[in-house]
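Q: Can we go through this one quickly? I'll ask, you answer.

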Amino acid sequence: MTSVKTHTIPRIYPGTPVKNTFVRAIIRHALLICVLFVLLYPLLWLLGASFRPNNEVFNGLGLFSENYTIQNYIDGWGAGSASFTRYFGNSLLVTVVSILGNLFSCSLTAYAFARLNFPFKNALFAILIGTMLLPMHVTLVPQYILFNKLGWINTYFPLTIPHWLGVDAFFIFLMVQFIRNLPRELDESARLDGCGHFGIFLRIVMPLSLPAIGTTAMFTFIWTWNDFLGPLLYLNRSDMQTVPLALNAFLDSTGQSSYGELFAMSVLSLAPIVGFFIVSQRLLIEGIATTGMK
Amino acid sequence: MSVHTQTSSPETIQSVLGSKARKRDWRKREVAVAFVFLAPWLIGLIGLTLGPMLYSLYLSFTDYNLLSSPKWVGLQNFVTMFTSDERFWVSTRVTIVYVIFGVPLILIVSLMIAALLNSKIAFLSGYRALFYLPSLMGASVAIAALWRQIFGGNGLINQILSYFGIEAGSWVGNPDTALGTLVVLALWAFGSTMIIFLAGLRQIPAELYEAAAVDGAGRVRRFLNITLPMLTPIIFFNALMVTINAFQAFTPAYVISGGTGGPVNSTLFYTLYLYQQGFAQLNMGYASAMAWLLVAVLAIFSGLFFWSSRYWVYYGDK
């Protein structure tokens, strides 16, 4: 009953001992750190194991070893049927082209929905929202048949072209919401200065939408980089494989003897995600908090 | 004011008219411009979403193996599914168990951590970032491979248990526990759900808590009578999203079971079975039927969920 603390701003009411809030904060931190430890320990263990010689990978819970080596990284890099130089190159290519595609198609579509009037606008927007909730599996089979007919199996087109055609409705929605909140006065004054719609789009709306553009680029990066089902369906030539596919092939072919190499390559495959996350975590977390994306 | 408008000079009238004509012209062009802007998305919508959906609806009534042309079989695919395909029922059961255990766990843990973080706490942004990090990796092959080791025969978990003198076999290799390891993996990636809860908690006005505290409501009362009701829109959103995502989980089950859904079909997710039917056995008609059944189930679930929301979701304006 004496614990009177407001919600976001703890205020000390008469009768609340200062010590109480201090103890509370300590307990809070202790709990959070415990959960974090459990959560992050597997990642740290993965990192440690990737630097241990193969005969030590399965020995011990600890992170450290006296025999740290980068041998796993050297062996793992060349372990697949093509080398990981190739796989990382493939993943990078697919990811960059997908990001550009999403930025292109989603920003154009979003501008139209947020700023222009056209017939069937509400109906089309409802369809857009509908496709956001649609499970991807319903288009999986027919898209495969389509791409197969087009002769696109073992090319990167099935993994990249859909992004240029705005299939990720989530990002369109995100940008529509963002552009709607931009002041229209800027458009008007640009128009008086002789700007057309493309001018307004390029010179006014896009520069102001950088946060939404950044969020879209980051999430596209993470989804595409991690994507497994797409490459699994469309890429079966080993020199075309992306990193997740190569890792899975590695896992299938590997006995316990080369787990260290598998872990080394796993670490490298996660490193870009962690790196970009560190650079842009504020953007990502704000993005997810406002739109509810995964 | 009105005097002024009545006595406006001819020049102003002229310019107003001119701008009206310009506006009409602008409007006309606007529609054309809009469809230029919309073109990529419209092409994708028709060519990659709506068209394929209709085609797969057609395929679901056919027998099609990609090599010969589709053969119309009526409802045969659905009849087979419900009456004679044991693995279909196994995959349905596995998915439902996964959803029933995974979704509430994710929601409860997310809400608890969000509540802990929702205070004037030091290092808030650091905590947020670290809790969020796993959710970026949860669907990756690397983490699934790691999971296979952690829950393997001589993996991390069993090494910890052996310190306490407990000997256990492989968790991934045991049909009774394999699905559990996938639930744990989904739970591990709870960060994104948690961030949305945290954003929701921050929206609740502090005055409500102050008023309740003045009235003598304790911590638990305040949580039950203020936090939970105010948070129901966010709970609704998160529950819907987490459930829809759980129904579609694929990569972890594929990687951990080596694509088989084993051991003994214990990780045969619905999506994994769909993949096997469609792309390993080339039963594309059957796979399409399964996909449409999933769409129907998710649509009914979402519909019921939206309908139920009027009874338990609190929107401030009511």
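Q: Is Ile26(A) buried, partly exposed or exposed?
A: Ile26(A) counts as partly exposed, because its relative accessibility is 47%. Buried means under 20% relative accessible area, exposed means over 50%, and partly exposed lies in between (1.4 Å probe, protein chains only). This is a predicted model: local features need pLDDT of at least 70, side-chain atom pairs count only at pLDDT 80 or more, and totals for chains, interfaces and linings use all residues. Residues are numbered from 1 along each chain as its sequence is written, chains are lettered from A in the order in which they are written, and side-chain values use heavy atoms, without hydrogens and water.

Q: Which helix is Ile26(A) in?
A: Helix H1 of chain A, residues 18-50. Helices here are DSSP runs of H or I with at least four residues; strands are E runs of at least two; both are numbered from the N terminus.

Q: New topic. How many helices and strands in chain A?
A: 13 helices and zero strands. Chain B has 14 helices and two strands.

Q: How much area do chain B and chain A bury between them?
A: About 9400 Å², with 75% of it on carbon and sulfur atoms. Buried area is the accessible area (1.4 Å probe) that two parts lose on being put together, summed over both.

Q: Which residues of chain B lose the most area to chain A?
A: Phe37(B), Trp41(B) and Leu48(B), together 9% of what that side buries.

Q: And how many salt bridges cross that interface?
A: Zero by the rule, which asks for a side-chain nitrogen of Lys or Arg within 4 Å of a carboxyl oxygen of Asp or Glu.

Q: What about confidence in chain A?
A: The average pLDDT is 86, and 87% of the residues score at least 70. pLDDT is the predictor's confidence in each residue, from 0 to 100. Over residues 1-7 of chain A it is below 50. Beyond near neighbours in sequence, that stretch has 26 contacts in the model (heavy atoms within 4.5 Å).
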